[in-house]
Amino acid sequence: MEAQTSESRFSSAATRQRLLTISLNDHLARAGGGVSLGRRMARTHRSTPAEAPSAELAEETAEDRDSLRVIMTAPDVPARWPRVAVRRQAERTARGKLNGRLVRRSPLSDILELAAIRLGVEGKTSL
């Protein structure tokens, strides 16, 4: 029996459509997480020098997410909202960490949030 190549495994149109749907819905979930993070950062930095750049970043992230929704309509990829919701909830849960502060923000929160946003931006540009 011959080994199945990756090309033959993904050759059916139905398989390609399923994989595209999974991939784009994962991107949509991450984009939603980025929007939430950007808005939270903007709220956190109200009345500080970081307020304007944080608000601008939040707006640009929301525009990117909206563009993704439009892109998903071209190949007729449906948004799988339960999948998106589960993924977003997992990302929210991952925010919780043992940093010795149950109620207040950690001094490291700004750095971690900026790193998360940067990873999202770099990932998007590398596509």
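Predicted model: local features only at pLDDT ≥ 70, side-chain atom pairs only at ≥ 80, totals over all residues.
Thr 61 lies in helix H3. Thr 61 has a relative accessible area of 15%, and because buried means under 20%, Thr 61 counts as buried. A polar atom of its side chain lies 2.7 Å from the backbone oxygen of Leu 57.

Helix H3 covers residues 51-73, and Glu 56 is part of it. In contrast to the buried Thr 61, Glu 56 is partly exposed, with a relative accessible area of 49%.

Side chains of opposite charge can pair when their charged atoms come close. Asp 66 and Arg 69 form a salt bridge, with 3.6 Å from N to O. These two residues are three residues apart in helix H3, which means that about one helical turn separates them. Asp 66 is partly exposed at 36% relative accessibility, and Arg 69 is partly exposed as well, at 35%. The pair also belongs to a network of salt bridges that links Arg 65, Asp 66 and Arg 69.

How many salt bridges are there in the model? The count comes to four. One of them joins Arg 40 and Glu 113, whose closest N and O atoms are 3.3 Å apart.

Helix H5 spans residues 109-126 and holds another salt bridge, between Arg 118 and Glu 122. The N to O distance in this pair is 2.6 Å. Arg 118 and Glu 122 are four residues apart, about one turn of the helix. Arg 118 counts as exposed, at 56% relative accessibility, while Glu 122 is partly exposed, at 37%.

Helix H5 also contains Ile 111, a residue that is exposed, with a relative accessible area of 55%. Together with Leu 108 and Leu 112, Ile 111 makes a nonpolar surface patch of about 300 Å².

How values were computed: Residues numbered from 1 in each chain as written. Heavy atoms only, no water. Buried < 20%, exposed > 50% of the residue type's maximum accessible area, 1.4 Å probe, protein only. Polar contact = N/O pair within 3.5 Å; in protein donor to acceptor, adjacent residues only side chain to side chain. Patch = residues over 30% accessible without salt bridge, like charges linked within 9 Å, V, L, I, M, F, W, Y side chains within 5 Å. Areas by Shrake-Rupley, 256 points an atom, 1.4 Å probe, with all protein chains shown as cover. Salt bridge = Lys/Arg side-chain N within 4 Å of Asp/Glu carboxyl O.
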